[in-house]
Amino acid sequence: MATTAKQYNQSAAKKLMTYSDLAQTKSFTIESPTLNQQVTLGYFPPQSGPGQLHIETAEVVLLGSSTPSVSFQIRSDPSRSATGKLIGSGTATSTTTPDVFDIDTATADWSWIKFTAVSGTVDAVTINLTFRGGAGDTRAVPVPPPPPPPAFNTISWTTVPTAAVGEREIHVAVGGSDTGSYGDDMGGGEIMGDSNNPFATPGYGKGFMRSGHGDRLMLNKGDTWDESLGTWTLSGESAARPMVVMSYGTGARPILRTGSSNGISTSGAISHFWLKGIEFYGHTFNGADTTYGIAFNPAVHNNVLIENCCAHSYRYGIYLSGQQVGSVYTWVGMATNFTVRGNTVYDCHRDVFGYTSQAGVSAGMYTYNINGLLVEFNCFQRNGFNNPTYINYLRRNIYHDNVNLNAIYRSNLLFGTDGIQLRAGGELTGNVISQACSAITLGAGSIPVQTTGVVVTCEDNVILEGQDRLAAAQIRNSGITVSNVTGGTIKRNIVASGGCVDATLTPCAWWFSNTASYLHNCRNTVIQDNIAHNWGGYGLYFDSPLGNYAANTFSNNVIQNPDNTVFYEGGGEDGQVVQASAAFTGGVGAQFAFSDNHYNKAAGAGVDVRQNSVNISFATWFSQTGDSGSLDAEVTYDDPDRTIGTYNVTLGGADDHTEFEDACVAMDEDTWDDDYTAPAVVAYIKEGFTEV
């Protein structure tokens with residue numbers, strides 16, 4: 001994956017200043033300034049007397065339209081993370097002659113500008129500072145380089161290898177001809193099936209593909225067919241010479257409208273196969289059909305790539321499975337090496353009642369019995385269920401079932417309904433889950449196959465705007481649920497801006513869930529540097545029994561509800577931040593080593609902690625659990641209320657979650673915009689959680 005440090009704004013660029021008895025100037029240009037954006041102007045080592053440095057004036061000119069205006073403050077402080085002392089301010093409106101503002105204030109250490117109002121269309125603001133030091137002071141003081149401004153990784157698409165001698169490139173286009181055979185001499189050096197003499201339908205062209213060869217079935221972009229790819233039995237030659245079903249030409253992805261049929265459904269083991277740039281649309285789907293968009297049915301598949309495809313209006317958008325042996329979960333016959341990259345899956349759901357695997361499961365993507373799975377830069381929207389009446393825990397955007405090994409889910413967008421169930425453990429990093437009822441579930445794998453629990457890496461994910469669940473579903477609204485996890489790390493995740501309004505089933509940011517069948521709830525896991533902010537309900541919820549917890553580290557986390565007052569009141573409960581079903585202990589053998597955390601309850605809440613049906617204070621909780629260095633205090637952040645909608649504003653759109661979703665769904669490889677991907681959103685949200 002590429003690691004280009006792309007920036008969505010120009011914040012935090014620290015500059016080296018030179019000190020002199022002569023007046024000097026320094027110019028900065030900030031593109032598309034946004035409300036509350038801060039940009040470092042320079043580092044000025046503290047001096048006294050004639051060596052002290054003064055900023056004398058600030059000249060500001062705008063580039064923009066529609067009566068652009070920018071209000072700003074210039075602040076200074078020895079600590080760049082502090083609020084700082086106000087040393088100058090003003091409002092600039094000129095797009096021609098710069099507006100001049102007198103500062104004439106001594107400064108020391110860091111100085112920065114903060115935009116306090118932006119109106120009209122402001123494409124850029126240029127600031128020219130004039131500053132002066134004492135006589136004879138000509139030192140240039142270097143400073144260490146600062147942390148880079150928010151940056152994010154970008155997608156790296158797979159290049160289809162050039163066709164080797166003897167490999168077929170079978171072109172299909174509306175207006176072509178389903179006559180003759182591939183390779184028929186058409187005269188003038190042309191053959192049947194080339195780009196100038198395409199076949200008319202995918203099914204006809206498919207008939208000339210040969211298993212064991214690196215052949216390509218190529219569908220013309222912008223064309224639509226009312227047919228599917230049917231049952232697929234063909235494999236490529238090798239990892240270097242894969243068989244490819246792909247698109248060619250210019251325009252949107254070619255569309256297969258498959259009605260009540262599967263888009264593509266395998267039979268037998270498939271190896272060295274790529275599916276790239278095709279849209280599958282179940283255009284007659286009614287919510288009860290059991291159709292699949294892309295289905296790799298149970299078999300020992302190997303080396304499969306699904307990239308830049310779209311699947312919508314099916315029961316399952318993408319279904320990937322190794323061999324299944326009866327109804328028992330086993331590791332027999334695992335499929336290997338699947339990559340799912342840059343795809344869009346939406347409106348794949350199940351609108352019937354039922355919790356059994358046959359009736360209940362529906363997902364944007366389902367995976368089972370795979371060793372080696374990479375899922376990155378995909379967009380999943382409104383999968384699992386369509387009507388809230390049919391909510392259950394088996395219907396999600398992504399259902400990563402038991403018996404999977406070496407799975408990586410990174411940089412994906414998941415919108416609406418439910419997020420991801422990571423039953424078999426694995427790596428979950430840098431994903432964005434927004435407006436989901438249950439965002440991330442780690443573990444909760446079935447017994448007996450997962451008796452030893454699972455290991456997880458859950459880091460740098462962002463969860464926003466959780467939604468209400470129906471009480472009948474008996475599934476709590478939760479940010480991150482942990483169950484049957486026996487090792488790993490859960491770090492630097494943000495759970496924020498809960499959208500619940502109904503506390504029938506109290507929302508919780510973190511739920512350590514357990515049932516009698518699990519031998520472990522959470523063991524040997526490091527939970528560190530996470531933020532739960534204004535989710536509502538419980539910040540932490542610990543199920544019993546305590547014997548299912550052991551040797552965990554819970555440190556430097558922030559669990560607070562300073563503004564969100566959605567919480568359950570009844571049975572002695574009153575908006576507590578921590579809910580524990582049994583009394584925890586501290587010291588040697590403790591279930592958790594708590595330290596250096598911050599807790600803060602919602603305005604109006606009357607209880608800090610409810611433990612074993614008894615209300616206690618944070619101070620008592622700290623004492624009983626050995627929670628050293630922790631505080632009952634709110635942590636304040638620069639802009640913690642950022643959402644998908646406010647991010648969309650920075651891109652020139654409205655404060656509208658759906659508008660951003662739809663833009664993400666509409667992208668393909670040819671129209672890809674990195675600003676509409678998970679890493680960009682993560683960078684934006686995390687910048688808002690800069691402590692002040």
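A polar contact is a pair of N or O atoms within 3.5 Å; within protein, one must be able to donate a hydrogen and the other to accept it, and residues adjacent in sequence count only if both atoms are side-chain atoms. This tour begins with one such pair in a predicted model, for which local features need pLDDT of at least 70 and side-chain atom pairs count only at pLDDT 80 or more, while totals for chains, interfaces and linings use all residues. Residues are numbered from 1 along each chain as its sequence is written, and side-chain values use heavy atoms, with hydrogens and water left out.

**First selection: Gln611**

Select Gln611, which lies in strand E54 (residues 609-611); helices (H or I, at least four residues) and strands (E, at least two) are DSSP runs, numbered from the N terminus. The side chain of Gln611 forms a polar contact with the side chain of Gln624, at 2.5 Å. Gln611 has a relative accessible area of 5% and is therefore buried (under 20% relative accessible area; exposed is over 50%, partly exposed in between; 1.4 Å probe, protein chains only). Beyond four places in sequence, the residues that Gln611 touches include Phe584, Ile616 and Trp621 (contact means heavy atoms within 4.5 Å).

**Next: the nonpolar cores**

Trp621 also belongs to the largest nonpolar core, of 87 residues, where Leu442, Trp510, Phe542, Tyr599 and Trp621 touch the most other members. Such a core is a set of buried Ala, Val, Leu, Ile, Met, Phe, Trp, Tyr and Cys residues joined through side-chain atoms within 4.5 Å. A second, separate core has 34 residues, among them Phe152, Cys310, Tyr676 and Val682.

Val682 is one of the buried residues of H6. In this helix (residues 678-688), 10 of the 11 residues are buried, so the rest of the structure largely encloses it.

Move to helix H5 (residues 657-666), in which His657, Phe660, Glu661, Cys664 and Val665 are buried. These residues span an arc of only 135 degrees around the axis, which places them on the same side of H5 (the arc is that of the directions from the helix axis to the C-beta atoms). Among the elements they pack against are helix H4 (644-650), strand E25 (344-346) and H6. At the start of H5, a side-chain oxygen of Asp656 comes within 2.9 Å of the backbone nitrogen of Thr658.

**Last: confidence**

Colour the chain by pLDDT, the predictor's confidence in each residue, from 0 to 100. The chain average is 85, and 83% of the residues score at least 70.
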